[in-house]
Structures are given as C-alpha cells and as structure tokens.
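Dear colleague,

Please find below the structure that I am handing over to you. My findings follow directly after it.

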Amino acid sequence: QVQLVESGGGLVQAGGSLRLSCAASGIFSSINNMGWYRQRPGKQRELVASVTITGTTNYADSVKGRFTISRDNAKNTVLLLMNSLNSEDTAVYFCNAVTSYRGATWNYWGQGTQVTVSS
C-alpha cells in the first residue's frame with residue numbers, strides 16, 4: 001500500500017503562482033511515474049504533467065511553458081510549479097504515482113487539493 005500526501009493548493013489571483021507538493025510513502029520497489037492530474041468542474045480528470053523515474057517529463061498542451069514538474073527520487077516527492085495561472089486552471093489537482101512491487105504495477109491517487117484562480 002502507498003499513501004500520497006498532497007499540499008500547496010489554495011486561492012490565487014490570475015497571473016499568480018502556486019506550488020503543489022506530493023510525498024509518497026509505503027511499500028514499493030520503485031515509483032515508475034509520478035504526476036499531477038486535475039478535474040475541473042463538469043469535466044473529466046485530465047493529465048497535467050508527469051515525470052518518469054529517469055526524469056522524462058510530459059505536459060498537457062494547455063500548461064506547457066507555464067507549469068514545471070520535478071521529482072526527488074531520494075525523497076519520493078513530486079513538485080508542480082504553476083506560473084501564470086488563469087481561471088481555466090481552477091480545478092482539484094490529484095497526485096498520481098505508478099509503482100512496481102513484486103512484479104506488478106500499482107496505481108495510486110492522492111486525496112486531491114483545490115486550486116482556485118480568481119480573475
């Protein structure tokens with residue numbers, strides 16, 4: 001079992017910045033992928049950004065150039081730095097981790113943290 005604890009959400013004005021943090025703990029051999037997804041009101045959950053264990057990153061087109069994802073493999077943490085926020089970024093943000101353990105792959109989610117951008 002793996003637990004993901006998120007922090008850093010909140011209310012920010014348009015054009016501002018926020019940093020989301022997620023820490024993983026529990027039993028696993030490795031964390032293959034860590035990432036952030038979001039669910040906007042009335043929309044499906046969507047990928048925001050992800051980073052592999054080797055550091056390869058992937059971003060949604062809507063956040064490229066504004067958001068930066070990074071991870072610390074020693075601490076099992078992933079950060080999402082969000083700049084130039086706009087109202088379209090208002091959503092619940094979920095941390096995601098894909099781990100390996102005993103030959104199987106496991107998918108875990110955090111509880112979600114609210115990000116609200118006011119215009």
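I begin with a contact made by an arginine: a polar atom of the Arg71 side chain lies 3.4 Å from the backbone oxygen of Asn32. Please bear in mind that this is a predicted model. The Arg71 side chain also places a polar atom 3.3 Å from the backbone oxygen of Val51. Arg71 itself belongs to strand S7, which covers residues 67-72. Although Arg71 is buried, it has no salt bridge; Asp72, the nearest side chain of opposite charge, is 8.0 Å away. Once neighbours within four places in sequence are set aside, the residues in contact with Arg71 include Ile31, Met34, Thr52, Ile53, Thr77 and Val78.

Val51 is also touched by Thr56, as is Ser50, not counting residues up to four places away in sequence. Thr56 sits in the loop between strand S5 (46-52) and strand S6 (57-59). With a relative accessible area of 48%, Thr56 is partly exposed. Between Thr56 and Val5 there are 22 Å from C-alpha to C-alpha, at a separation of 51 residues in sequence.

Finally, the model has 1 disulfide. The bond joins Cys22 to Cys95, with an S to S distance of 2.1 Å. Because Cys22 lies in strand S3 (residues 18-26) and Cys95 in strand S9 (residues 91-101), the pair ties together parts that are 73 residues apart in sequence. The torsion about the S-S bond of Cys22 and Cys95 is about -85°, and the disulfide is therefore left-handed. Both Cys22 and Cys95 are buried.

With kind regards

Terms used:
Residues numbered from 1 in each chain as written. Predicted model: local features only at pLDDT ≥ 70, side-chain atom pairs only at ≥ 80, totals over all residues. Heavy atoms only, no water. Helix = DSSP H or I, 4+ residues; strand = E, 2+ residues; numbered from the N terminus. Buried < 20%, exposed > 50% of the residue type's maximum accessible area, 1.4 Å probe, protein only. Contact = heavy atoms within 4.5 Å. Lys, Arg positive; Asp, Glu negative; His and termini not counted. Salt bridge = Lys/Arg side-chain N within 4 Å of Asp/Glu carboxyl O. Polar contact = N/O pair within 3.5 Å; in protein donor to acceptor, adjacent residues only side chain to side chain. Disulfide = S-S within 2.5 Å.
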